[in-house]
Amino acid sequence: MTHAPSTPTPSTGWHWWRHAKLATMSDEPGSPAWGWCPQGDLLTHGDRIVWVGASEQAEAALQAHLPADERNLLGSTDLHGLLVTPGLIDAHTHLVYGGLRANEFEMRLKGATYEEIARAGGGIRSTVTATRAATEDELVASALGRARTLVADGVTTMEIKSGYGLSFEHEARCLRAARRVGDTLGLTVRVTGLAAHALPPEFDGRADAYIDAICDWLPRWHADGLLDAVDGFCENIGFSAAQMERVFRAAQALGLPVKLHAEQLSDQGGAALAARFNALSADHLEYLSDAGIAAMAAAGTVAMLLPGAYYYLRETKLPPIAALRAAGVPMAIATDHNPGTSPTLSLSLMLNMACTLFRLTPEEALAGATRHAATALGLGASHGQLRAGFRADFALWEVGHPNELAYRFGDRACRGTVIGGRRFSS
Ligand code: NIG
Ligand code: FE
C-alpha cells in the first residue's frame, strides 16, 4: 500500500495574489534568471497555481481562466510588493526525537570529536534513549514546534526521517509522528525510514543481524503506509556499503525510492551505491570521489548539500562543488535538522551558508532549496516552482530582490507562507 503525501484540505475557489515581485525559479525554457518578474501576480484555484505572470497581463489571464459565473467567488490579496518565491522545501530533516545534545556540544568544545562521542555511546545513541522514553504524543508535540519554526522561515514542504527509534515499534512510532506533523499542519511531508542510522544496543556486535531485522521490518511499515522512502548512514560509524545494499534491495522490492547519508566523514563508495539504485539523493558528500560524481550524474541522483552539519562539526573538507556543477549534478540544500550535528531550524540561513561556505551562487542556493529539493523528494513535477499546474505553495519575503535571501543571514525576512492556496496560520 502506498500512502499519498499529506496534503491540506483544498481551499475553495479562486484567488488572485496581486502586486508582488516574483522569483518563480521555473526551469521552463526561456525563463529569465530566478524566473524574475519585478511586478507580477498569481492566480490560484484550490491548491493549484493556474496562472503566474506580469501584473499587466493579469486581467487578460482572469478572463481566459476564470468562468464568468465564478467571478464573484474570486478572492484577492494585495501583497504590497513583497517578494514571492516557491515555498522552501527542506528535503533532509531528522525532526522527530526526544531530548537535546547540548552537553555534547560542550564536550566537542573541550576537544572530543563527533566520532569519539559516538563510539563512547553518546551521539545518535543518546538521542535513541531519549526518543524511546518519549510517548508518540510527546514526539509529535516537539516535532510540531520545530516544523512550525521552519514554516515561519518560509518552508512549505519537508522531509522527516525516523532513525532515533531503532526497533520495530520505536521506529514505527517515529514514522507515525512524522505523518501526524504533516496532517496537523496541512503541508506536504515526505516520510523516510532511517532505521539504518546506528546500531541499537540490543544488536551490539551484530550489525548484520540488525540489517536482517530492518529488511524484515520494512514491508510491515510499508503495509501501514508509513514510508515514502528509505535512507541509511553509510559510514565507518554507521553501516558499510554492502550492508546498505541489502537494505536498498529490500526497499526496491517494495517499490520504495532510496537515498543515503554518504561520504560525510570518509569515502565509503556510498554515493556510487546510491546511484546504482537510482537514489533520489546522496547527502552530505564532503568526501565524494570523482567516481561517485560520475555515477550520480549518470543516474540523475541529486547532491543534497548540508552546510549546517559541515559548519557545526567544523569540517574542513568541502564537498566537490565545482566538479558537481561541471558534471551537471543538481545540488539541493537542506537544514539536516538533528540534535547532534545541525540543530538549526532556519533553511534561509542555509541559503547563506551554502554560498559563504560552499561557494554556491545565491541563485543556485535558492534553486537548491526549491526546485532541486523537490526533485530530491520525487516531487519535481508538482512542487518547488511557481508555475501553472504546480501546487500553490509559496513564501512571502520583505526583500527587494531574491539575491538578498542568501545575502542576509540570521535575518528572518519571511512575512508568511501560502500552503495549498491558503495563508498559513499555525
Ligand atoms: O545527518 N550523519 C548521520 N546523521 C545525522 C546526525 C545524527 C546525530 O548526530 O544525531 C546527520 O548529520
Ligand atoms: Fe542527516
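Threonine 341 is in contact with Tyr114, Ala309, Tyr312, Leu313 and Asp336, leaving aside its neighbours within four places in sequence. The model is predicted. Threonine 341 also belongs to a "binding site" feature that comes from an unreviewed UniProt entry.

**Threonine 341**
- This residue sits in the loop that links strand E13 (331–333) to helix H13 (347–356).
- Threonine 341 counts as buried because 25 other C-beta atoms lie within 10 Å, and the cut-off for buried is 20 or more.

**Tyrosine 164**
- Tyrosine 164 lies in a loop as well, between strand E7 (155–161) and helix H6 (168–185).
- Tyrosine 164 has 30 C-beta neighbours inside 10 Å, so this residue is buried.
- Its contacts, leaving aside neighbours within four places in sequence, are Tyr97, Thr127, Val128, Thr131 and Cys174.

**The recorded binding site**
- The unreviewed UniProt entry places "binding site" at Arg101, Tyr164, His197, Gln264 and Thr341.
- Such annotations may be inferred rather than shown by experiment.

**The whole chain**
- The chain holds 16 helices and 16 strands.
- Its C-alpha trace spans about 70 × 40 × 40 Å along the principal axes.
- A compact globule of 426 residues would have a radius of gyration near 22 Å, and the chain agrees because its value is 21 Å.
- Of the 426 residues, 54% count as buried.
- Take the contacts between residues at least 6 apart in sequence: 72% of them join residues at least 24 apart.

Key. Residues are numbered from 1 along each chain as its sequence is written. Chains are lettered from A and ligands numbered from 1 in the order in which they are written. This is a predicted model: local features need pLDDT of at least 70, side-chain atom pairs count only at pLDDT 80 or more; totals for chains, interfaces and linings use all residues. Helices (H or I, at least four residues) and strands (E, at least two) are DSSP runs, numbered from the N terminus. The radius of gyration is taken over C-alpha atoms; the globule rule is 2.2 Å times the number of residues to the power 0.38. A residue is buried if 20 or more other C-beta atoms lie within 10 Å of its own, exposed if 12 or fewer, and partly exposed in between; C-beta atoms are placed from the backbone. Two residues are in contact if their C-beta atoms, placed from the backbone, lie within 7 Å.
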